[in-house]
Amino acid sequence: MYLYLYACDILFSKPGGLTSTEAAVAGIPLVHTNPIPGCETVNREFFVTHGMSVGAPTQKAQIARGLDLMRNEGKVKKMRHMQRTNVNPHAARDICDIIKKQL
């Protein structure tokens, strides 16, 4: 998956937890599409309110948000900064370390 992410200038994705987190760890500007009601609604809200993605209610508006990111390096830099600030790229390793300590 990471090869596809690193090939992206911008990722348009539904706000599933795994893909959203992988994009944030990779520092890929992220436009969240409309979520499936439930956990994806919460995921998109979390990512948007923490500056790690943008979203919009319609496809046309989502495309406009993506184009805006492509034209504004300052917004992309800020989004990448917020992704680095809010997502632990070593979470899986850290969880394994905690488990090892408990054994």
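## Exercises on a predicted model

This model has an open sheet of three strands in the order β1-β2-β3, with parallel pairing. It is a predicted model, where local features need pLDDT of at least 70, side-chain atom pairs count only at pLDDT 80 or more, and totals for chains, interfaces and linings use all residues. Residues are numbered from 1 along each chain as its sequence is written, and side-chain values use heavy atoms, leaving out hydrogens and water.

**Exercise 1. Work out which strands stand at the edges of the sheet.**

Step 1: Strands (E, at least two residues) and helices (H or I, at least four) are DSSP runs, numbered from the N terminus. Two strands pair if DSSP finds at least two bridges between them.

Step 2: Look for strands with a single partner. Those are β1 (11-13) and β3 (54-55), so one side of each has no neighbour in the sheet.

Step 3: Check one pairing. β2 (residues 30-32) runs parallel to β3, and two bridges join them. Valine 31 has valine 54 in β3 as its bridge partner.

**Exercise 2. Find out how the buried residues of helix α2 are arranged.**

Step 1: List them. In α2 (residues 17-26), Ser20, Ala23, Ala24 and Ala26 are buried (buried is under 20% relative accessible area, exposed over 50%, partly exposed in between, with a 1.4 Å probe and protein chains only).

Step 2: Look down the axis of α2. The buried residues fall within an arc of 165 degrees, so they line one face of the helix; the arc is that of the directions from the helix axis to the C-beta atoms.

Step 3: See what they pack against: α1 (2-6), β1, β2, α3 (39-49) and α5 (73-86).

**Exercise 3. Show how arginine 80 and glycine 27 meet in space.**

Step 1: Glycine 27 follows α2 and has a positive phi, near 70 degrees. Arginine 80 sits in helix α5 and is partly exposed, because its relative accessibility is 29%.

Step 2: Check the contacts (heavy atoms within 4.5 Å). Leaving aside residues up to four places away in sequence, arginine 80 touches Gly27, Pro29 and Glu73.

Step 3: Zoom in on the atoms. A polar atom of the arginine 80 side chain lies 2.6 Å from the backbone oxygen of glycine 27.

Technical notes
A polar contact is a pair of N or O atoms within 3.5 Å; within protein, one must be able to donate a hydrogen and the other to accept it, and residues adjacent in sequence count only if both atoms are side-chain atoms.
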